[in-house]
Each structure stands twice: as C-alpha cells, then as structure tokens.
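Reader: I am new to this structure. Please take one part and look at it closely. How does that part sit among its neighbours?

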Amino acid sequence: MIHTDRPTPTPSTLDTTRIDDLRIKAVRPLITPAILEEWLPAPEAAQQLVESSRAAISRVLHGRDDRLVVVVGPCSIHDHDQAMEYARQLLAQADALSQDLIVVMRVYFEKPRTTVGWKGYINDPHLDGSFAINEGLERARALLLDVLALGLPVGTEFLDLLSPQFISDLVSWGAIGARTTESQSHRQLASGLSCPVGFKNGTDGGVKVASDAILAASAPHAFMGMTKMGQSAIFETRGNDDCHVILRGGKQPNYGAADVEAACALLRAAGLREQVMIDLSHANSSKQHARQIVVAGDVAAQVAAGDARITGVMIESHLEEGRQDIVPGQSLQPGVSVTDACISFAQTVPVLEQLATAVRARRAVAP
C-alpha cells in the first residue's frame with residue numbers, strides 16, 4: 001500500500017547537516033567481500049583443509065575425538081613474513097603431534113583496546129595511523145590463504161561485525177573475546193558462523209556470561225548485516241551447536257581443577273556439554289607471559305589424570321619472547337609481539353610436547 005498522506009518536506013527537514021554526522025571526519029569506500037574473494041579465491045585444497053579441520057574440532061567438542069585442540073600463535077599479526085616463518089615452524093610440530101593434538105594457528109587481525117591503541121592488522125596494516133583498511137583486509141585474506149597452503153588450519157577472534165564476511169570462509173575456529181561475549185550482536189554472529197566458536201568468560205572471571213552466550217548462539221536468530229556483495233540484508237541463522245567456553249581468568253586465575261569443576265557444574269546446570277578450553281595467557285598467567293609454561297604444566301597434569309572435559313588450550317607464542325611498543329620512526333624487532341607479550345617458539349615446543357604426552361596418558365586411563 002502506498003501512503004500519500006506524508007507531510008511535504010520543508011527546507012528544515014531536508015537540511016540535516018546541523019544534526020547528522022557531526023562527529024564524522026570522513027567516509028571512505030569499502031571493498032566488498034565478493035570482490036576480495038574474486039581477487040583472492042580459496043583453492044580446493046584450502047577448502048578441504050578448512051572443512052576437515054572444522055569437522056575434527058567439532059568431533060572433539062561432541063566427544064568423538066579424544067585429541068586436544070591447541071590454538072597457538074602470536075597475540076596479534078603485524079607482519080606477513082614473520083607470521084609465515086612462525087607458521088612453517090608450527091607446521092612441523094603440528095604434523096609430529098597430530099595423533100594427540102589438533103594444532104590451529106592463532107592468526108588474530110583485530111585487537112580490542114581498553115582505551116585506545118593499535119587496533120590490529122586489518123584496521124591499520126602499516127602501524128602508522130593511516131588506517132588503510134581495504135589494504136588490511138586484502139593482506140589478512142592473503143595471509144590466511146598462505147598459511148592454509150602450508151597445510152595449517154587457522155583460528156581468529158571475531159571482533160568487528162562486518163569483517164567476518166571477508167575472511168570467515170578460511171577460518172577453522174573462532175573466538176569471541178571477554179569484552180564481547182556478553183554482546184547480543186556477537187552472539188547472533190556466532191549463531192551463523194560456519195566454524196566452531198569459543199566464548200571467553202567475562203573480564204571479571206564470570207563464566208555465566210559465556211554459558212549464556214553458548215545458549216544464545218545455539219539458537220536461530222534474525223539480524224541486520226552486510227552480504228558478500230556489500231548490500232544491507234536481514235540474515236536468518238540456524239544456530240551453532242559447536243560453541244564452547246574458554247576459561248581465561250578474571251580477578252584471579254581459573255585454570256585449576258576446582259575452577260574446571262565449577263565451570264562444568266554451571267554448564268551442566270544450563271543443560272550444556274561439560275567442556276572447557278583453557279587460555280594459558282591473560283589473567284590465567286597474571287599477564288606474565290612466561291607463566292603460561294607453568295599454567296600449561298597444571299593443565300597437562302589434569303588432562304593426564306583423565307579429565308576429558310578439558311578439550312583445548314590457547315597459547316600466546318611468537319618467534320621471539322616478550323613484547324615491544326610501536327614507536328614512530330623506530331624499527332621493530334623481528335618476531336616480537338607488538339601487543340601482549342608471548343613466549344618464544346623455542347619455549348612453545350616443549351609445552352606442545354607436554355600436552356601431547358598428557359593426551360596419551362589420558363587415553364591410557366580412559367574407561
């Protein structure tokens with residue numbers, strides 16, 4: 001029905017410059033996901049790897065695979081070549097330990113900031129405040145394709161609500177961070193993602209927000225979004241049954257046996273699968289990167305004792321140990337994180353081996 005009784009526009013209603021976009025400095029065109037996929041398509045081998053690794057992670061979550069999912073890699077990506085060097089070294093370990101671990105390279109392009117700071121490779125790929133976002137999207141997709149070409153699946157955090165359309169077809173596992181687990185928009189996003197998704201507990205350590213997020217993401221939703229062609233649209237999802245909790249600590253660490261039991265009791269009460277992934281970093285290591293090794297030892301002992309509810313771990317690891325600041329005009333040290341401090345790859349190898357040994361021990365005591 002066409003309504004003909006609308007009021008005639010007046011000059012004051014046509015001129016909205018006094019009330020609209022007052023704080024917008026500029027609006028620039030954004031490439032569409034469809035064009036980026038045309039430029040950088042996923043070859044058949046990459047599609048097969050994404051499909052098979054997603055299925056393997058799903059089997060772990062549903063109790064049909066007793067391996068441990070290990071999401072390991074830099075806190076954030078800031079350099080293509082360094083990321084590829086890390087991927088090549090990680091691949092050797094992933095292949096050697098594949099009977100016990102499903103190794104997924106952590107390839108994080110978006111970084112949530114408590115106040116302000118560098119927001120990641122997509123937002124500012126040149127690390128200089130130029131915000132070449134179109135180039136960042138292209139670089140991000142190119143890196144994912146290169147890592148997949150090696151034969152290594154990738155995992156990332158979904159922070160921005162539009163960026164998944166550009167890269168999510170290449171992602172085997174996704175995370176929703178502690179700051180966004182409570183966000184309705186991110187829960188809706190997870191309900192439509194094609195990969196398994198981990199929800200971190202809240203920044204205060206509360207697990208219920210993650211439990212609620214799993215319930216929400218498992219249900220169908222309808223929401224507004226952007227299609228691959230760049231058009232606004234209404235998306236209707238089927239729900240995602242491959243979601244789980246990530247324990248990352250809060251006001252205090254929550255990786256111990258009592259913490260796992262408490263989290264699983266909460267999940268059980270909500271009618272959810274009793275399973276957790278444990279983040280060795282962040283509050284669980286008290287933001288002391290080297291303590292990830294200590295936390296790994298505790299988690300490995302729980303796994304070796306037979307706890308099948310621990311389905312995965314996360315590790316922040318780079319080529320070299322520590323972190324560095326981005327300082328204008330100053331060169332960066334190669335292989336060192338520019339966000340959270342990481343353990344070195346040399347330190348990571350024995351951690352992976354310890355976790356694999358724990359899985360074998362768990363397998364031996366399984367009923």
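Author: **Helix α4 and its surroundings**

Helix α4 and helix α5 (residues 133-150) have axes that come within 10 Å and cross at roughly 20°. An angle under 35 degrees counts as roughly parallel, so α4 is roughly parallel to α5. The model is a predicted one. In it, α4 passes α5 in a right-handed crossing.

Now look at who touches whom. From α4 come H80, A83, M84, A87, R88 and L91. From α5 come A142, L143, D146, V147 and L150. Sort the residues of this contact by class, and you get 8 nonpolar, 1 polar and 2 charged.

Next comes another helical neighbour. The axes of α4 and helix α11 (residues 345-365) come within 11 Å. They cross at roughly 25°, and α4 and α11 are therefore roughly parallel to each other. This crossing is right-handed.

Here α4 uses Y86, Q89, L90 and Q93. They meet F345, T348, V349, L352 and E353 of α11. The classes are 5 nonpolar, 3 polar and 1 charged.

Stay inside α4 for a moment. E85 and R88 join their side chains in a salt bridge, at 3.5 Å from N to O. Why is this spacing worth a look? E85 and R88 are 3 residues apart in helix α4, which means about one helical turn separates them. Side chains of opposite charge can pair when their charged atoms come close. Across the model, the count of salt bridges comes to 16.

Now turn to the sheet. It is a closed barrel of 8 strands, in the order β1-β2-β3-β4-β5-β8-β9-β10, and the pairing is parallel. On average, neighbouring strands of this sheet are turned by 25° against each other, direction ignored. Helix α4 (residues 80-96) packs on the sheet. It touches β1 (68-73) and β2. The direction of α4 makes about 180° with that of β2.

Strand β2 (residues 101-106) runs parallel to strand β3 (residues 154-157), and 2 bridges join them. M105 has V154 in β3 as its bridge partner. Strands of a sheet pair through backbone hydrogen bonds, either parallel or antiparallel.

Helix α9 (residues 257-269) lies across β8 (243-247), β9 (276-279) and β10 (310-316). Its direction runs at about 140° to β9.

Then there is the pair of helix α7 (residues 184-192) and helix α8 (residues 208-217). They pack at an angle of about 50°, and their axes are 8 Å apart. α7 and α8 are therefore oblique to each other. α7 passes α8 in a right-handed crossing. On the α7 side, R187, A190 and S191 take part. On the α8 side, the residues are V209, D212, A213, A216 and A217. Of the residues in this contact, 5 are nonpolar, 1 is polar and 2 are charged.

Conventions:
Residues numbered from 1 in each chain as written. Predicted model: local features only at pLDDT ≥ 70, side-chain atom pairs only at ≥ 80, totals over all residues. Heavy atoms only, no water. Pairing = 2+ DSSP bridges. Helix = DSSP H or I, 4+ residues; strand = E, 2+ residues; numbered from the N terminus. Axes fitted to C-alpha atoms, helices over the stretch in contact; angles between N-to-C directions. Contact = heavy atoms within 4.5 Å. Parallel < 35°, antiparallel > 145°, perpendicular 65-115°, else oblique. Left-handed = near helix turned anticlockwise from the far one by under 90°. Nonpolar A, V, L, I, M, F, W, Y, C, P; charged D, E, K, R; others polar. Salt bridge = Lys/Arg side-chain N within 4 Å of Asp/Glu carboxyl O.
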